[in-house]
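Hi there,

Here is the structure I promised to pass on.

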Amino acid sequence: KLLGEVDFSQQVLEELLEKLKLRLTSIHDTVRFRTAIPTVQVYPQFIHMSEIWTGLQDEMMLLSNVNNLTWNLQKYIQVLDYIDESTIKHMIGNENILTDEARLEATTGMKIDPEGMQCEVVYPSQVTDFDKIPLQYLGFCAWTLVDGEGALIPGNPNMGVCRWKGNYYAFSSPSAAAQFGQDPERFVMMALSLAREKSELIGLLQLQEQIAAVRSMVELPIKKPEPIIKQDTEIQTELHPIPTYIDPTYKWNEWDLKREAIKFANLNKSITKSVQTQHSHHRISRMVQVAPVKEKQVQTMRDNATNVPTLQNFIYGLRGRKDDKQFVITLTRPIKEKSIYDTC
């Protein structure tokens with residue numbers, strides 16, 4: 001299949017290269033020695049050349065994918081050389097290990113018996129171009145594909161092929177063809193159902209059209225799920241079983257959380273300081289202690305009057321200072337201060 005893709009890609013590349021050569025020649029003949037050329041004559045040719053170049057790029061990608069598939073398949077095939085024979089015997093039991101060539105030799109000379117089969121058997125002697133008949137599943141055994149859940153065993157068309165609804169199916173043995181012929185519709189539908197489960201078989205066995213046609217069919221030979229029993233029931237629950245709580249400090253944006261974390265990190269590295277400015281001194285509380293003037297009289301042998309002020313001191317700096325320095329302010333009035341009586 002990969003070699004067929006490479007051969008088809010080679011044909012496409014030859015056609016694209018020939019178109020590219022002709023287009024370049026046409027552009028050269030159009031431009032040649034002319035200094036000014038109308039866009040109507042040049043642009044369509046460049047657009048066509050870009051389409052050819054895009055096709056060449058697509059083919060390059062296709063060949064690159066085929067190359068990668070080939071290398072990967074080669075790695076998997078090399079693993080088979082290191083598998084122990086005892087392990088293979090444990091997997092397949094007492095069956096003999098047969099290669100494709102040995103299996104074809106074992107069925108050489110055999111023919112499919114058409115008795116009891118619901119489909120028509122076509123032999124190589126009945127058709128002139130028997131080798132050109134398009135076989136379903138790329139010539140792999142149709143019965144083994146279903147019975148082996150995806151096993152790909154090459155069929156032997158020389159025994160004959162079964163025709164069912166315009167399609168031809170090959171088999172690896174006459175017994176496999178006999179079992180398929182008893183109910184071919186069932187095996188065909190089971191193969192499509194298997195392709196649904198293993199989607200890699202759709203592209204490998206070229207089942208795209210058949211899978212698309214099966215979508216519109218109502219009944220398929222596949223296991224249907226058990227019907228679900230439904231019934232109407234009622235249940236009463238509380239309106240709000242869990243009281244709602246709205247966090248006023250909730251933040252859904254992670255950038256807000258990051259911004260707040262940066263602020264806290266900066267605060268840990270900062271030193272708190274206080275500075276008094278000209279505009280902020282009005283907001284500082286201050287206390288001032290004063291003593292009103294007291295008038296006293298003393299009677300002696302001589303009539304006289306005197307007014308002695310009371311000693312008053314105020315200690316400044318008991319609050320709001322970080323050091324241990326205080327200042328004493330003397331509030332005592334001077335003795336020689338004139339009173340209101342002297343002015344009178």
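Asp-29 and Arg-32 are joined by a salt bridge, with 2.9 Å between the closest N and O atoms. Keep in mind as you read on that this is a predicted model. Both partners are partly exposed: Asp-29 has a relative accessible area of 43%, and Arg-32 comes out at 44%.

How many salt bridges does a search of the whole structure find? The count is six, and two others among them deserve a mention here.

One of these links Arg-103 with Asp-100, where the closest N and O atoms are 3.2 Å apart. Both residues belong to helix H4 (residues 100-106), and they sit three residues apart, about one turn of the helix. Asp-100 is partly exposed, with 40% relative accessible area.

The other brings together the side chains of Lys-251 and Glu-260, at 2.8 Å from N to O. Lys-251 counts as partly exposed at 34% relative accessibility, and so does Glu-260 at 29%.

Now for the helices. Which residues of helix H6 (residues 174-182) are buried? They are Ala-176, Ala-177, Phe-180 and Gly-181. These residues lie on the same side of H6, because they cover an arc of only 130 degrees around the axis. As for what covers them, the list includes helix H5 (142-147), strand S3 (167-169) and helix H7 (184-197).

The pairing of H6 with H7 is worth a look of its own. Two packed helices are described by the angle between their axes and the distance between the axes. Here H6 and H7 pack at an angle of about 100 degrees, and their axes are 5 Å apart. Angles from 65 to 115 degrees count as roughly perpendicular, so H6 and H7 are roughly perpendicular to each other. On the H6 side, the contact is made by Gln-179, Phe-180, Gly-181 and Gln-182. H7 contributes Pro-184, Phe-187 and Val-188. Sorted by class, this contact of H6 with H7 has four nonpolar residues, three polar ones and no charged ones.

Best wishes, and happy browsing!

Methods. Residues numbered from 1 in each chain as written. Predicted model: local features only at pLDDT ≥ 70, side-chain atom pairs only at ≥ 80, totals over all residues. Heavy atoms only, no water. Buried < 20%, exposed > 50% of the residue type's maximum accessible area, 1.4 Å probe, protein only. Helix = DSSP H or I, 4+ residues; strand = E, 2+ residues; numbered from the N terminus. Arc of directions from axis to C-beta. Contact = heavy atoms within 4.5 Å. Salt bridge = Lys/Arg side-chain N within 4 Å of Asp/Glu carboxyl O. Axes fitted to C-alpha atoms, helices over the stretch in contact; angles between N-to-C directions. Parallel < 35°, antiparallel > 145°, perpendicular 65-115°, else oblique. Nonpolar A, V, L, I, M, F, W, Y, C, P; charged D, E, K, R; others polar.
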